[in-house]
Amino acid sequence: MTKAILKALFAVIVWGASFVATKVALQYVVPTALVWLRFGMGVLILGLAVFLDKQFSLPRGREWGYFALLGFLGITFHQWLQSTGLQTAQATTTAWIITSTPIFIALLGIFVLRERLAWYQAAGIVLASLGVLLIVSRGDLFSLAKGQFGTPGDFLVLISAPNWAVFSTLSRPGLKKHPATLMMFYVMSFGWLFTTIIFLISPEIQQTSNIPMDGWIAIAFLGIFCSGIAYIFWYDALKVLPVAQTGAFLYLEPIITVVVAAVVIKETILLSTLVGGIIILVGVWLVNRPRPLSESAEEPA
């Protein structure tokens with residue numbers, strides 16, 4: 001149990017620091033090159049883990065297309081949105097916005113799956129939305145009425161949240177049939193292949209020869225730890241710990257980003273960002289809060 005907790009904590013700390021590492025790496029490479037380098041390392045590590053666990057098996061039939069779609073959404077498109085967004089968005093702003101992803105998953109459940117929400121879950125969605133608006137407006141909600149929506153990067157990062165919600169929802173059927181590490185290996189492999197095509201036809205391929213040491217350290221951290229070891233540790237923890245308990249660790253991620261960003265890149269911490277972040281966390285907690293048995297019993301089977 002203790003080992004599983006430490007693994008989950010390690011993954012969350014690494015992911016929390018990933019936004020800062022991305023900001024550092026983007027000083028030397030463009031987003032496409034960063035995604036290509038990062039997930040090339042991640043594919044190698046996950047592939048090694050799959051091989052050592054003797055989990056390897058080829059996808060069958062339509063699974064090739066299924067994994068390709070997930071790879072495009074979860075890796076190619078999602079990471080392009082975040083990396084490009086982080087060129088102008090703060091690392092702390094990005095982390096807090098990403099924390100709102102469960103809200104978009106809940107909205108998908110309402111509009112696509114026709115799921116019913118309890119009143120406190122609806123209140124959580126409203127609260128989290130208010131928190132996001134408070135963050136991107138830097139505390140000036142009236143600026144949104146004037147069409148001023150933070151930085152261009154804030155907008156791209158905000159798009160990445162519902163995109164990840166779609167990716168997560170589509171991933172559920174696959175995770176019921178395949179080991180998590182094996183499935184992530186195929187998803188990441190397809191995402192990296194799509195990024196490779198974009199990378200090879202762009203003039204940015206020569207840029208990788210001029211990356212200084214601190215840039216390579218940031219890229220290696222993203223590839224080896226964030227896209228490789230952290231995923232393995234996270235899924236190892238999920239095998240031992242209850243899903244709710246493991247998921248609770250994710251609440252620490254934006255807090256870790258705030259601390260690391262302040263120490264490493266001297267990013268200014270705005271009061272509106274902290275307040276908005278707390279509001280988002282409360283909203284997400286309300287959305288994920290289990291329904292009382294009395295409410296569940298009243299619903300039709």
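How many residues does helix α8 have, and how far does α8 reach from its first C-alpha to its last? Helix α8, residues 152-177, has 26 residues and reaches 39 Å, close to the 38 Å expected at 1.5 Å a residue. The model is predicted.

**Helix α8**
- A bend of about 35° occurs in α8 at serine 171.
- Proline 173 follows that serine within four residues.

**Helices α6 and α13**
- Helix α6 spans residues 119-136 and helix α13 spans residues 271-288; their axes lie 7 Å apart at an angle of about 160°.
- Angles over 145 degrees count as roughly antiparallel, and α6 and α13 are therefore roughly antiparallel to each other.
- The crossing of α6 past α13 is left-handed.
- On the α6 side, the contact residues are Tyr120, Gln121, Gly124, Ile125, Leu127, Ala128, Gly131, Val132, Leu134 and Ile135.
- On the α13 side, they are Ser272, Thr273, Val275, Gly276, Gly277, Ile279, Ile280, Val282, Gly283, Leu286 and Val287.
- This contact has 13 nonpolar and eight polar residues, and no charged ones.

**Helices α1 and α12**
- Helix α1 (residues 2-25) packs with helix α12 (residues 253-264) at about 45°, and their axes are 8 Å apart.
- That angle makes α1 oblique to α12.
- The crossing of α1 past α12 is right-handed.
- From α1, the residues in contact are Val12, Ile13, Trp15, Gly16, Ala17, Phe19 and Val20.
- They meet Glu253, Ile256, Thr257, Val260, Ala261 and Val264 of α12.
- Counted by class, the contact between α1 and α12 has ten nonpolar residues, two polar and one charged.

**Helices α2 and α3**
- Helix α2 (residues 31-52) and helix α3 (residues 63-85) have axes 9 Å apart and pack at an angle of about 125°.
- That angle makes α2 oblique to α3.
- Their crossing is right-handed.
- Helix α2 contributes Pro31, Thr32, Leu34, Val35, Arg38 and Phe39 to the contact.
- Helix α3 contributes Ile75, Gln79, Trp80, Ser83 and Thr84.
- By class, the contact of α2 with α3 is made up of six nonpolar residues, four polar and one charged.

**Spacing along a helix**
- An α-helix has 3.6 residues a turn, so residues three or four places apart point the same way.

Terms used. Residues are numbered from 1 along each chain as its sequence is written. This is a predicted model: local features need pLDDT of at least 70, side-chain atom pairs count only at pLDDT 80 or more; totals for chains, interfaces and linings use all residues. Side-chain values use heavy atoms; hydrogens and water are left out. Axes are lines fitted to C-alpha atoms, for helices over the stretch in contact, and angles run from 0 to 180 degrees between N-to-C directions. Helices (H or I, at least four residues) and strands (E, at least two) are DSSP runs, numbered from the N terminus. Angles under 35 degrees count as roughly parallel, over 145 as roughly antiparallel, 65 to 115 as roughly perpendicular and the rest as oblique. A crossing is left-handed if the near helix is turned anticlockwise from the far one by less than a right angle, and right-handed if clockwise. Contact means heavy atoms within 4.5 Å. Ala, Val, Leu, Ile, Met, Phe, Trp, Tyr, Cys and Pro count as nonpolar, Asp, Glu, Lys and Arg as charged, and the others, Gly among them, as polar. The expected span of a helix is 1.5 Å times one less than its number of residues. The bend at a residue is the angle between axes fitted to the seven residues ending there and the seven starting there.
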